[in-house]
Amino acid sequence: MNNPDPPATTAPWNNPPERRKPLRRKRAEKLARRAEHWGARLAEARAEGPDMEAAVLFDRLRGELDRLPQAARERAYEDVVQALERIRETHAQ
């Protein structure tokens, strides 16, 4: 009569699977790998000159913008345009 484990709590669909790595840690490792990749590409591009560095930066920017949802992409694009204008104004003589 006194059942210690009712079937509702022992059923497999009520117990989530245990993960080897928490998703938070997995995402952090993925971001670290991505940062390392782009850091290496930028270092190689700097050795080749400013035009190659600008090309790599543009590739990275385009990739990041492509990953965003449409509304966020439009806002990010506006931010990029403003940043480029500030750079142009600061360094134009």
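Arg41 counts as partly exposed, at 28% relative accessibility; on this scale buried means under 20% relative accessible area and exposed over 50%, with partly exposed in between (1.4 Å probe, protein chains only). Asp59 is partly exposed too, with a relative accessible area of 28%. The side chains of these residues, Arg41 and Asp59, meet in a salt bridge at 3.7 Å, N to O. Arg41 sits in helix H2 and Asp59 in helix H3, 18 residues apart, and the pair links distant parts of the chain. A salt bridge here is a side-chain nitrogen of Lys or Arg within 4 Å of a carboxyl oxygen of Asp or Glu, and by this rule the count comes to seven. Helices (H or I, at least four residues) and strands (E, at least two) are DSSP runs, numbered from the N terminus.

A word on the model itself. This is a predicted model, where local features need pLDDT of at least 70 and side-chain atom pairs count only at pLDDT 80 or more, while totals for chains, interfaces and linings use all residues. Residues are numbered from 1 along each chain as its sequence is written, and side-chain values use heavy atoms, with hydrogens and water left out. The score, pLDDT, is the predictor's confidence in each residue, from 0 to 100. For the protein chain the mean is 87, and 89% of its residues reach 70 or more. Confidence is lowest in helix H1 (residues 7-10), with a mean of 62, and highest in helix H4 (residues 70-91), at 93. Where pLDDT is low, the predicted coordinates should not be read in detail.

Back to the charged pairs, this time around Glu64. The side chains of Glu64 and Arg34 form a salt bridge at 3.8 Å, N to O. Since Glu64 lies in helix H3 and Arg34 in helix H2, the pair ties together parts that are 30 residues apart in sequence. Helix H2 spans residues 23-48. Both partners are partly exposed: Glu64 has 29% relative accessibility, and Arg34 has a relative accessible area of 23%. Leaving aside neighbours within four places in sequence, Arg34 is in contact (heavy atoms within 4.5 Å) with Glu64 and Arg67. Arg67 also meets Glu64 in a salt bridge, at 3.1 Å, N to O. These two residues, Arg67 and Glu64, both lie in helix H3, three residues apart, about one turn of the helix. Arg67 counts as exposed, at 52% relative accessibility. Salt bridges with shared partners join Arg34, Glu64 and Arg67 into one network.

As for open space, the largest pocket holds about 250 Å³. On a 1 Å grid over the protein atoms alone, a pocket is an open set of points where a 1.4 Å probe fits, with protein on both sides within 12 Å along at least five of seven lines; lining residues have an atom within 4 Å of a point. Its lining is made up of Leu57, Phe58, Leu61, Arg62, Leu65, Asp66, Tyr77, Val80, Val81 and Leu84. Helices H3 (50-67) and H4 are the elements that give two or more residues to this lining, and H3 supplies the largest share, six residues.

Notes. Points joined across faces, edges and corners; volume = space filled by probe spheres on them.
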